[in-house]
Amino acid sequence: MRSLLSLFTALLLTTSVSAADLTVYTYDSFISEWGPGPKLEAAFERQCDCDITFIGVEDGVSILNRLRIEGDSNKADLILGIDDGLMEETRTTGLIQPHGLKLDRLKPELAWSDDSFVPFDYGYFAFIYDSRQISKPVDSLQALIDSDATVIYQDPRTSTPGQGLMMWVKAVYGDQAADAWQRLAGHTVTVTKGWWEAYSMFLQGSADYVLSYSSSPAYHVVAEGKSHYKAAPFSEGHVAQIELAAITRTSGNPELARRFLEFLTSAEAQRLIPVSNWMLPVIDGVELPPVFGELIQPKRIGFSPAEVADRRSQWLREWRNAAAQ
Amino acid sequence: MLEIDNLRVKQGAAELHYNLRALPGELLAIQGRSGVGKSTLLHAIAGFLPVAGGDIRWKGRSLLKLTVEQRPVSLLFQDHNLFEHINVWHNLRLGMPAEQSPEPLHQAAEVLQVTELLQRKPSELSGGQRQRIGLIRALLRPEPIVLLDEPFAELDPQTRQLAAEWSRATAKNGHKTLLLVTHQDEDVERVADRALQL
Amino acid sequence: MQRAGIAALLFSVLVTVLAFQGLIGFGHGGADWSLLSDRYYQSVLLFSLKQASLSALLSLLLAWPLARALYYRPQLPARRGFLSLCVLAFVMPTLVLITGLVALLGRNGLLSPLLGEQWNLYGLNGILIAHVYLNLPFAVRVMLQQLQHIPDSSWQLAAQLKLSRWQRLRLIEWPTLKPAVLVLFGFVFVLCFNSFAVVLALGGGPRATTLEVAIYQALKYDFNIPEALTLAWSQLLIAGSLFLLLSRWGRSHWLSVDTLQRQWIPQPNQPMKLIHAMVYAAGWLLLLLPIVALLPGVLEVDMARFGWSALLRPTLVSLVVGLLAAGGAMLLAYLMLTPVRQAHLKRQRKRALLLEWLSTHALVAPAMVVSVGLYILLLRQIDLDRWGMLFVVLLNMLMVVPFAVQQLRPRLLQYDAQYHRLCRALKLSGRQRLRLEWPFLRPAFIASFALILVLAIGDLAIFAIFGNEQWTTLPWLIYSYAGSYRIAEASLASLLLLLLCALIVWAFERIRLDA
């Protein structure tokens, strides 16, 4: 017991977080061994001759929550991993400063011109199915909701894909959303806390469709050589999730932070992110495994970040009451 | 001298009254019907029961203010005198200063015919055997007042005589003041200098 | 000792108070009481109560025949193994259990074809199954232990008086079980009432939400502190007062003096023996199936390419965190019980009850509020990226203290009832008393140490908030695997975690029985 204790304290003291030139708040899976974090860090440190430290919190919304709690005393020069749905709330903390970059390299379909937040990857929410089980997938959100196919999705109160579906249903159904939710509840297997619970249940065969990203099939092809997981293209269009980075107002090194943002949208970084974060690159002309070219290319629908921030709690209540019936 | 003056102890609604005197080195038997409060008296002297009035004095000093641990008393309970999870020898050594020689214990065990039992756990002993172990410890502890609550109840006639005689000899030898609660007249004759009816 | 005990109690209460304070202070105001009239809040509350009562009731009802079978038939094969399995099931990381249950009873589960078209694991079904799986084995152990307190003399007397089976049940078994059953019901109820991971994973949506889950949801996206506080206070009030009430009614069962070994148990007749054997076999099946169901998933991993070394460090970190937390918790629990024992000896029943409640309050306090509240408070004071692991240990320690208290308390009170007077009569010193107490306490101590060690090793919630990736624990690794599509690796790591837990339970059980 005592030797374990001394081992523990010794380890604790030797691996403290050193004062880095650039500190980045992000979400845990971004910096996991298989995430883009370690590779991006190595690549950027090679060109900047500086030290960059990632601090991981549970997920995107936890980054915002941490900023809210810490206020001015936060340690971050950059935040990385907030999505467009949380952008306005993050802005209202008053802790973000404009990036001052020209974003003309970005794909036109993103239609991005925000002065504070920079996209580093994006994806379309999509329902994934196993093509060995289902030969004729549904071709619209309406068809899915009206079908009796079993569905797993995520709770919009606790996960981003859940919020995505909430916007999707709202975008397609408008005032009829509550009714749609009730119909969907009739053939919903379960609503999970987060993405992975839903996705792993789906892989275990718990449902016909699971809510995920249009890029999910790429993982199965690249990492596992399995090509039977497919995303179903919906005729109404798909809601996108754009993942963002931004410089904090309190950053001690905004110049370097700006360089990192520039790096993040460079071809070098954009080649790394899709095959580790399994999302789409935000610039054109990135060299990627061929499967990325075969992914569905949906029409983008949805709401502006300001609308989302404004109406989220109202939509949540609508979902909560309809799905709880 | 042990003096008990108008001692009053509450027992439920009733109140028990006691008066007695015992000289240093005197062996006193206490008799009386069941429920008359013999054990209660011993527990009050040892400090386990709150006292409603009167006094208990030893050598002129009141014991009432003293805790159980501070009183010059060695008490043998009617039962539950041994720790079940440690062996008999370890039980015997409890309550004695570490520097005290174990020799008297061995001698006593020899006399009371329990030497073979010393390495066993109490659960392997019969009631009579357990009583003898408790008795040895109670009398050999370095306390001037010894209180024995029916110490021979579970012994056969032969062992009973042996234990009684050993108790008297040991108490006299150690100049103990001894109070012995018993139902048997023969115990009174064998051990006590005089008897007191409650 | 007494003073250290009070200090330990104050410390654990202080952490909870500070956590609430952290949340209240940051939310600039107290709870939002208008929520009480909200329909959603009421349905959450009702569902919490319903699922907890049903879970507790089912666990106890099903545990009863199993405990009887184990009691009346000590010669059942692999009985010791079964009792170890019971401990393992009780402390099984929920992450692992959920995977197992989905593999077994989910839509494509191994057993699902037997359950008909209408079967759906998610919802009340799944919650009840998981809760029964976790708590039934615990109930079996407590009931068995309780039955074993029946002295031989009672059975011999019953045989002499030729009591019928019904009379024996009514006059001997039930009075022995009754006080334990009430406390047990309260305990299981509170565990299920506060259930989090199981409800989130198997609840199936907003229909099946407990207060604890609602607190999480209120804090996560909305950061709605007033709502979280209302939910938290409701939970504390309901679970807390229920727990208090039940521990008041059911007590004194530990006062039975253990003296001679018990040998004389009435022999059941042939048909009864058969029933016992069948119940016993069903028990094995129930506890093993979800574990066996994990195996097929594991076989999909490419064992040769799997980075085994990636598991080594997280395993080690988990062990160290677990050992520190469990060691600290045992010490805290022992110290906290000192004033409790004093109060019992002085027959101060109210004081004893209050102190006992305080020592186990972490059981009823909403874990989510404690960790988030503390996070909010500490984040602005301390460099948590550096010292977070200390709080992982500290909070895990405080979370498992109630379990240690629950296990040590009856043993210590029994010791006092049996030996306190004797200790005083013999004028033993503090050190002597401790040395005498230790061998008496050791079996209970070892058993509860193993229990809380495994509980602490399985922690995910606290690590998620305070931990950092340099110190990844095994449960967190599983979570990370699963979070990046590596579901098969996650199953393999889950199985490893389960094996580690099983090894700990088994090893400590051996130490306990051999000692």
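**Close-up 1. Packing of helix 1 of chain C against helix 13 of chain C in the predicted model.** Helix 1 (residues 2–27) of chain C and helix 13 (residues 309–345) of chain C have axes 7 Å apart and pack at an angle of about 115°. The crossing of the two helices is left-handed. Helix 1 of chain C contributes C:Gln2, C:Ala4, C:Gly5, C:Ile6, C:Ala8, C:Leu9 and C:Ser12 to the contact, and helix 13 of chain C contributes C:Leu332, C:Leu335, C:Met336, C:Thr338, C:Pro339 and C:Gln342. Of these residues, 8 are nonpolar and 5 polar, and none is charged.

**Close-up 2. The largest nonpolar core.** This core has 302 residues. Those with the most contacts inside it are A:Phe127, A:Tyr153, A:Trp181, A:Phe260, C:Leu202 and C:Phe466. Helix 13 of chain C supplies the largest share, 18 residues.

**Close-up 3. Surroundings of A:Phe260.** Beyond its neighbours within four places in sequence, A:Phe260 is in contact with A:Leu22, A:Phe44, A:Ile52, A:Phe54, A:Leu78 and A:Leu80.

**Close-up 4. Confidence along chain C.** The mean pLDDT of chain C is 87, with 97% of its residues at 70 or more. Among the elements of chain C, helix 13 has the highest mean pLDDT (94), whereas helix 6 (residues 152–160) has the lowest (78). Over residues 252–260 of chain C, pLDDT stays under 50; the model has 23 contacts beyond four places in sequence for this stretch. Where pLDDT is low, predicted coordinates should not be read in detail. For the complex, the predictor gives an ipTM of 0.83 and a pTM of 0.84.

Key. Residues are numbered from 1 along each chain as its sequence is written. Chains are lettered from A and ligands numbered from 1 in the order in which they are written. This is a predicted model: local features need pLDDT of at least 70, side-chain atom pairs count only at pLDDT 80 or more; totals for chains, interfaces and linings use all residues. Side-chain values use heavy atoms; hydrogens and water are left out. Axes are lines fitted to C-alpha atoms, for helices over the stretch in contact, and angles run from 0 to 180 degrees between N-to-C directions. Helices (H or I, at least four residues) and strands (E, at least two) are DSSP runs, numbered from the N terminus. A crossing is left-handed if the near helix is turned anticlockwise from the far one by less than a right angle, and right-handed if clockwise. Contact means heavy atoms within 4.5 Å. Ala, Val, Leu, Ile, Met, Phe, Trp, Tyr, Cys and Pro count as nonpolar, Asp, Glu, Lys and Arg as charged, and the others, Gly among them, as polar. pLDDT is the predictor's confidence in each residue, from 0 to 100. A nonpolar core is a set of buried Ala, Val, Leu, Ile, Met, Phe, Trp, Tyr and Cys residues joined through side-chain atoms within 4.5 Å. Buried means under 20% relative accessible area, exposed over 50%, partly exposed in between (1.4 Å probe, protein chains only).
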